[in-house]
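Thanks for coming. Please have the sequence and the model open while I talk.

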Amino acid sequence: MALLKHINPFSKTNEDTGFSTTISSYGDRFINKDGSFNLRKEGNHIWDRYSLFHIMLNLPVWAFVMAIVGAFIFVNLIYTSIYLMIGAAELQGISSHSAWGIFKEVYYFSTETFTTVGYGRVNPVGDGANFLASIEAMSGFLSFAVVTGLIYGRFARPRAHLAFSNQALITPFKGRNALMFRFACYKHGHTLTDVTVQVNAAMRVHEEGKQTYRYYELPLERHKIQSLPMNWTVVHVIDEQSPLLGLTAEDIQVADLELYVLIKGFDDIYSNVVQQRTSYTFQEVAFNHKFVPMYRETASGTVLEMQKIHDTVEVEAAMMTVSAVS
């Protein structure tokens with residue numbers, strides 16, 4: 001397959017994306033669908049590369065709950081093992097005589113001490129057990145302070161709560177063709193105001209005998225709206241200033257096209273500016289389709305049908321003629 005050599009010379013490049021132009025610097029996409037950068041760092045210690053606090057804030061809810069429960073069980077198993085090493089005789093009130101029964105009673109005593117519940121049937125009587133119980137009680141309330149901070153951080157961290165269409169489309173628009181995608185805020189009450197959108201296109205081209213990446217900020221029909229109560233279909237008209245002018249589906253595949261999208265807006269609920277990123281690769285750009293409306297009017301008001309955000313219908317291929325670059 002021939003390399004892409006010609007991009008509309010009237011399109012304006014963007015040198016401020018922060019991405020390299022060197023082909024060997026990248027594999028796959030620049031930006032993941034969830035907005036994270038497709039980047040891995042190496043060369044220093046793992047504890048310098050990763051932040052446990054950041055990881056815990058970004059875990060899915062089920063994984064976060066499992067991590068907390070797993071940590072609670074694991075820590076109490078460690079304390080239980082130490083109590084048994086010190087000797088179960090230093091714990092008063094154990095009624096079981098089997099090894100498994102003693103282990104269970106010591107484990108439950110550990111959980112009661114860790115949470116500072118202290119039911120009182122089993123209690124330490126030796127110096128070693130008393131010292132360990134005091135250390136465990138201190139570590140228990142400190143750990144709950146940390147978990148409380150994590151839970152608050154997960155709930156209170158400002159997020160845009162935006163859902164994007166699975167595909168970007170190239171479709172007829174006002175006598176021309178246009179690149180489109182759409183998004184909407186899926187949370188009730190989180191209506192964004194003063195919303196701006198920026199779209200950059202990364203394309204691999206053949207220049208001066210070598211492959212390189214070029215980045216273009218795509219001019220949009222509208223890059224800012226005052227409020228976002230419904231969905232917004234972002235439109236880039238493929239005109240004489242567009243780097244997509246004259247490109248076919250095969251061309252954007254050769255160019256390894258990726259669209260980098262950045263949304264910013266003010267959320268009244270958080271009383272803060274929020275932002276969200278996403279991207280579309282050439283596999284996620286569909287020709288010969290257009291979006292279907294995703295809202296309906298009722299007697300009590302307008303209904304935004306979020307389940308339709310990805311829905312498209314096919315249009316006539318004859319309508320999709322793209323002017324070639326002269």
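I will go through the cavities, then the pockets, then the salt bridges.

Before that, two notes on the model. This is a predicted model, in which local features need pLDDT of at least 70 and side-chain atom pairs count only at pLDDT 80 or more, while totals for chains, interfaces and linings use all residues. Residues are numbered from 1 along each chain as its sequence is written, and side-chain values use heavy atoms, with hydrogens and water left out.

Cavities, then. Rolling a probe the size of a water molecule over the atoms shows where empty space is left. The search runs on a 1 Å grid over the protein atoms alone: a cavity is a set of points where a 1.4 Å probe fits but cannot get out, a pocket is an open set with protein on both sides within 12 Å along at least five of seven lines, and lining residues have an atom within 4 Å of a point. Grid points are joined across faces, edges and corners, and a volume is the space filled by probe spheres set on the points.

How many cavities of 30 Å³ or more does the structure hold? There are two. Helices (H or I, at least four residues) and strands (E, at least two) are DSSP runs, numbered from the N terminus. Strand 6 gives the most to the largest cavity, with three residues. By class, that lining has six nonpolar residues, one polar and one charged. The classes are as follows: Ala, Val, Leu, Ile, Met, Phe, Trp, Tyr, Cys and Pro count as nonpolar, Asp, Glu, Lys and Arg as charged, and the others, Gly among them, as polar.

The second largest cavity has a volume of about 30 Å³. Around it are Leu179, Met180, Phe181, Val199, Leu218, Leu220, Val234 and His236. Here strand 5 (176-185) and strand 9 (231-237) are the elements that give two or more lining residues. Strand 5 gives the most, with three. Seven of the lining residues are nonpolar, one is polar and none is charged.

Now the pockets. The largest pocket has a volume of about 1,600 Å³. It is lined by 38 residues, and Asp34, Ser36, His54, Asn58 and Arg157 lie nearest its centre. At least two lining residues come from each of helix 2 (52-58), helix 3 (61-86), helix 5 (127-156), strand 3 (162-164) and strand 11 (272-281). The lining divides into 18 nonpolar, ten polar and ten charged residues.

The second largest pocket holds about 300 Å³ of space. It has 14 lining residues, with Ile68, Ala71, Phe72, Ser143 and Val147 the closest to its centre. Helix 2, helix 3 and helix 5 give two or more residues each to this lining. What is the make-up of this lining by class? It has 13 nonpolar residues, one polar and no charged.

Last, the salt bridges. Side chains of opposite charge can pair when their charged atoms come close. A salt bridge here is a side-chain nitrogen of Lys or Arg within 4 Å of a carboxyl oxygen of Asp or Glu. By this rule the count is eight.

One of them pairs Arg29 with Glu284, with the closest N and O atoms 3.0 Å apart. Arg29 is in the segment before helix 1 (46-49) and Glu284 is in the loop between strand 11 and strand 12 (285-287), so this pair ties together parts that are 255 residues apart in sequence. Buried means under 20% relative accessible area, exposed over 50%, and partly exposed in between (1.4 Å probe, protein chains only). Arg29 counts as buried because its relative accessibility is 12%. Glu284 is also buried, at 16%.

Glu284 forms another salt bridge with Lys33, where the closest N and O atoms are 3.9 Å apart. Lys33 is in the segment before helix 1, so this pair ties together parts that are 251 residues apart in sequence. Lys33 counts as partly exposed, at 33% relative accessibility.

Away from those residues, Glu105 forms a salt bridge with Arg121, the closest N and O atoms being 2.8 Å apart. Glu105 is in helix 4 (residues 99-114) and Arg121 in the loop between helix 4 and strand 2 (123-124), 16 residues apart. Glu105 is buried, with a relative accessible area of 11%.
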